[in-house]
Amino acid sequence: MDITRLRGIGVSPGVAMGEVLLPRRVIFTSRKELIAEVQVPDELKRLRQAIDRTRDDLVRIKDGVKDKLGQDSSFIFEAHLLILEDPALVSGLEAVIRDEKARAEWALSKMNSRYEQLFESLADDYFRQRKSDVSDVLTRVYRNLETRREKEKTPQKEHILVAHELLPSEAALRFSKELTLGVALDMGGQTSHTAILARSLGIPAVLGLRDVSRQVREGDFIIVDGTDGEVIIDPPPAIRREFQAKKEKYETYGRELQKTAKLKSVTLDKVRFIPQANLELPEEIGPALAMGAEGVGLFRSEFIYLRRESLPTEEDHFEIYSRLASGAHPRPVTIRTLDIGGEKSLPQLNIEKEPNPALGLRAVRFSLRNKELFRVQLRAILRASTGKNVRVLLPMVTDVDEIAEVKAIFEDVKEELRRGRVAFDERIPLGVMIEVPAAAAMADVILKEVDFVSIGTNDLIQYFLAVDRSNEFVTHLFKPFHPAVLRLIRSVIQAARKAEKDVVVCGEMAADTLGAIVLLGFGLRTFSMNPIFIPRIKKALRSIECKTAERIVEETMKLRSAQEIEEYVTEEVLLRHPQVFLTGQPVEVPPKK
Ligand code: PEP
Ligand code: MG
């Protein structure tokens with residue numbers, strides 16, 4: 001018998017199996033139903049009433065979700081209320097009804113396709129995914145055009161939710177921690193709100209499956225493997241058993257890790273380390289703390305810009321930074337100023353295309369060219385710092401002149417706030433990313449100018465080894481264990497320790513078990529990463545003696561290639577502290593050369 005196995009994007013790990021639930025889909029009309037001129041006022045009224053009903057629904061959902069999932073998740077609906085209030089959207093819909101003398105359904109359908117096209121044309125994945133938020137709001141209004149709505153039944157039994165696309169509000173309403181075992185969708189990706197929600201509720205989910213909703217019927221039995229991004233329809237008993245075992249293994253591992261989140265972050269020989277979170281969205285703060293994050297090591301503020309069509313105002317920034325600062329308080333929150341330019345362009349700004357974007361007007365270079373934008377961001381960060389747990393981080397600094405230039409602006413903005421009697425933390429720490437090799441080489445000098453440094457291994461490796469981090473043809477050359485890379489990173493950590501200044505690693509290397517051990521051996525104590533990796537790294541570092549890590553890296557520095565180093569570290573760790581690799585899966589020991 002043929003088994004249908006579909007590949008998608010695993011956005012929330014774990015294995016689920018059960019019966020399919022297929023919610024009813026709203027399909028926007030493709031028929032332009034015309035009305036007479038005299039009917040136009042009534043149709044406009046019908047639209048407005050649907051908008052009012054939608055507003056009531058959203059407020060109700062927002063409150064319900066706040067009770068069920070907490071303030072962070074209900075934020076999505078505040079965003080939806082804002083979309084609904086957008087005068088351009090409402091007047092656009094009214095204009096279609098008036099100008100084309102067509103039904104409100106047609107206006108909504110037309111507006112929906114227009115937004116779909118607009119979002120699809122955007123290069124940035126995160127921004128592209130925001131299409132579903134607009135669609136969500138329009139769908140709700142569409143449904144509310146019918147006054148006698150068929151009430152959707154709330155599911156009573158355990159199920160796997162399968163749909164073409166799940167709008168964020170539907171996701172928040174339909175996901176039940178108890179009954180929703182797993183989720184499989186045709187659409188969506190890693191950064192969609194639905195993915196974030198599934199992760200925060202611990203529901204295994206696979207998105208981007210293209211046509212799973214057409215391949216299954218309500219009641220079919222399916223397996224969702226959110227860890228490996230796979231869905232299996234109607235599996236025979238042998239496959240069910242295989243996945244049942246995988247599920248149990250994952251759950252045991254998860255329970256182990258969850259226990260770890262509450263344990264102290266110390267190595268076996270009682271050396272304290274600090275796991276922190278890299279965040280892109282403010283609503284991730286709650287789940288990050290639950291996973292054991294002791295603060296935010298990196299908030300990538302560019303997502304504030306990417307989530308909007310217009311430029312964010314000072315209040316937009318302030319609201320987000322305040323939410324982070326109070327959510328994490330008293331733990332620190334490190335806000336990185338805008339890291340954009342080059343290929344991550346801002347649609348709001350018409351940034352010119354550059355021939356070599358990675359080496360172009362990126363990050364702090366961009367901020368220093370667009371000082372007004374930069375000042376807006378700095379003011380908002382300062383205003384959010386009254387709880388004294390906010391730090392500012394500058395991306396892609398290359399030399400001390402840039403730091404001096406930023407400091408002058410920073411001082412000026414502070415002075416402006418003082419004059420206006422606006423409170424802020426007078427001692428707010430200022431740090432820089434060490435992610436350009438020149439900055440790494442000058443770390444001792446740079447450290448005199450700043451309060452802390454954060455090593456961005458993603459870019460540092462890209463620039464140091466001349467390997468594009470997003471080019472699949474050269475991924476095999478992207479080597480965090482390259483001896484040159486290790487020497488460079490070690491020198492930065494040592495310089496920071498000598499200067500008695502805080503040093504963090506916030507690149508992916510901190511989220512890699514072997515990488516974290518090597519960094520620990522170099523003297524690093526603060527590791528910032530995507531929160532889902534925190535339990536794993538915490539578990540690994542709690543299972544090793546810092547002394548062992550130091551000894552291992554000492555030997556490592558004598559080796560000549562990335563492969564030799566990786567093999568050596570793996571073997572030594574396995575020999576001395578095999579519990580580091582508790583993943584439920586055996587670790588392959590590389591053959592000795
Ligand atoms: C890095 O470069 O390592 C980093 C953490 O920043 P980003 O991945 O946002 O460039
Ligand atoms: Mg970077």
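Analyst: A definition to begin: two strands pair if DSSP finds at least two bridges between them. Strands (E, at least two residues) and helices (H or I, at least four) are DSSP runs, numbered from the N terminus. This is a predicted model: local features need pLDDT of at least 70, side-chain atom pairs count only at pLDDT 80 or more, and totals for chains, interfaces and linings use all residues. Residues are numbered from 1 along each chain as its sequence is written, chains are lettered from A and ligands numbered from 1 in the order in which they are written, and side-chain values use heavy atoms, with hydrogens and water left out.

User: OK. How many bridges join strand 4 to strand 5?
Analyst: Five. Strand 4 (residues 159-163) and strand 5 (residues 180-185) run parallel. Ile 160 stands opposite Gly 182 of strand 5.

User: What order do the strands of the open sheet have?
Analyst: The order is 1-8-7-3-4-5-6-2, eight strands with mixed pairing. From one strand to the next, the twist averages 30 degrees.

User: Which strands stand at the edges?
Analyst: Strand 1 (4-7) and strand 2 (9-12). Each has a single partner strand, so one side of each has no neighbour in the sheet.

User: Where is Asp 225 found?
Analyst: In strand 7 (residues 221-225).

User: Buried or exposed?
Analyst: Asp 225 is buried, at 1% relative accessibility. Buried means under 20% relative accessible area, exposed over 50%, partly exposed in between (1.4 Å probe, protein chains only).

User: What does Asp 225 touch?
Analyst: Leaving out residues up to four places away in sequence, Asp 225 touches Gly 14, Val 15, Val 206, Glu 230, Phe 243 and Lys 246. Contact means heavy atoms within 4.5 Å.

User: New topic. What are the protein donors of the magnesium ion?
Analyst: Glu 435 (OE) and Asp 459 (OD), 2.0 to 2.1 Å from ligand 2, the magnesium ion. Donors are N, O and S atoms within 2.8 Å of the metal (3.2 Å for Na, K and Ca); water is not among the atoms, so sites may look incomplete.

User: Which parts does the pair tie together?
Analyst: Glu 435 lies in the loop between strand 13 (430-434) and helix 17 (437-441), and Asp 459 in helix 19 (residues 457-465), so the pair links parts 24 residues apart in sequence.

User: Are those two buried or exposed?
Analyst: Glu 435 is buried, with a relative accessible area of 2%. Asp 459 is buried, with a relative accessible area of 2%.

Technical notes: Axes are lines fitted to C-alpha atoms, for helices over the stretch in contact, and angles run from 0 to 180 degrees between N-to-C directions.
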